[in-house]
Amino acid sequence: MATLNSFYPYIIPHVNGCPEITVDTSLKSAIIEFCERTLIIQRDHDPVSIVKDIADYDFETPLSGHLIIKIMNAWHQGTPLNPISPDDVHDPTIYNKFALEDNTTLTGMPRNIFQKDERTFTLLPIPDKTTSLSLTMRVALKPTRATTTVEDVLYEDYAEIIADGTLSTLMMSPNKKYSNTQMAGFHAMRFQQGINKVKQLSTKGYVRSSVKINIPRI
């Protein structure tokens, strides 16, 4: 695991006089934003046992000091689950724990998975039977703000991009010795460009694949 100090050589020389605590705050924000927007940190979630009549479950993050940004893929007993978003949810019962427990019309074999937040997810229909270690997931992660270490890949492969995000924030600070709106814009542009490149990598993985376009029949 890399420490926050590992990133300092890419940041400190450009913001002379900036307190380390201020650097750390902006650095953590840049790392979190980078992970949220690229989904580059992905891990396999431990298999989850499904319990009859229970719709809501807690994530158990595969990495200490991290939160789950997004469920990338999920399978129940080997069958892919359909991810649904808040816009796909039209029944308010899903947001009412007590009403959900009493609603027998929503029970059955789970076909959909709905991530409520970074700590919980919901299966729909509500499972109608208990199955041990039957749910498997691939998830994307980000560090919490309390973390003092991050995955080595963030430093080894993306230190300069993350430094650009940090510097863009620090240099936008008003009335500081290191304030520089022109350079802040430059670093913000490089941060965005870096994120765009890494997003493609996280989507395709580390293998070469051709882009396929399905043309609908008329």
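Seven salt bridges are counted in the structure, where a salt bridge is a side-chain nitrogen of Lys or Arg within 4 Å of a carboxyl oxygen of Asp or Glu. The model is predicted: local features need pLDDT of at least 70, side-chain atom pairs count only at pLDDT 80 or more, and totals for chains, interfaces and linings use all residues. Residues are numbered from 1 along each chain as its sequence is written, and side-chain values use heavy atoms, with hydrogens and water left out.

Side chains of opposite charge can pair when their charged atoms come close. One of the salt bridges joins Glu 36 and Lys 142, with an N to O distance of 2.6 Å. Glu 36 belongs to helix α1 (residues 20–38) and Lys 142 to strand β11 (residues 131–143), so this pair ties together parts that are 106 residues apart in sequence. Helices (H or I, at least four residues) and strands (E, at least two) are DSSP runs, numbered from the N terminus. Glu 36 is partly exposed, at 35% relative accessible area. Lys 142 is buried, at 9%. Here buried means under 20% relative accessible area, exposed over 50%, and partly exposed in between (1.4 Å probe, protein chains only).

Lys 142 also meets Glu 118 in a salt bridge, again with N to O at 2.6 Å. This pair links distant parts of the chain: Glu 118 sits in the loop between β8 and β9, Lys 142 in strand β11, 24 residues apart. Glu 118 is partly exposed, with 25% relative accessibility. Through shared partners, salt bridges join Glu 36, Glu 118 and Lys 142 into one network.

A further salt bridge is formed by Lys 116 and Asp 56, at 3.3 Å from N to O. Lys 116 lies in the loop between β8 (112–115) and β9 (120–124), and Asp 56 in strand β3 (residues 56–58), so the pair ties together parts that are 60 residues apart in sequence. Lys 116 is partly exposed, at 30% relative accessible area. Asp 56 is likewise partly exposed, at 28%.

Strand β11 is part of an open sheet of four strands. The order is β2-β11-β4-β5, with antiparallel pairing. Strands β2 (42–50) and β5 (79–80) each have a single partner strand, so one side of each is left without a neighbour in the sheet. Two strands pair if DSSP finds at least two bridges between them. Strand β4 (residues 66–76) pairs with β11 over nine bridges. Among these strands, Ile 68 has Leu 141 of β11 as its bridge partner. Helix α1 lies across β4 and β11, and runs at about 130° to β11. Axes are lines fitted to C-alpha atoms, for helices over the stretch in contact, and angles run from 0 to 180 degrees between N-to-C directions.

Thr 166 lies in helix α4 (residues 159–171). Thr 166 is buried, with a relative accessible area of 0%. The side chain of Thr 166 reaches the backbone oxygen of Ile 162 at 2.9 Å. Neighbours within four places in sequence aside, Thr 166 is in contact (heavy atoms within 4.5 Å) with Ile 11, Val 23, Ser 26, Leu 27 and Ala 30.

Overall, the protein chain has five helices and 12 strands. Of its 218 residues, 41% are buried. Among contacts between residues at least 6 apart in sequence, 75% join residues at least 24 apart.

Key:
A polar contact is a pair of N or O atoms within 3.5 Å; within protein, one must be able to donate a hydrogen and the other to accept it, and residues adjacent in sequence count only if both atoms are side-chain atoms.
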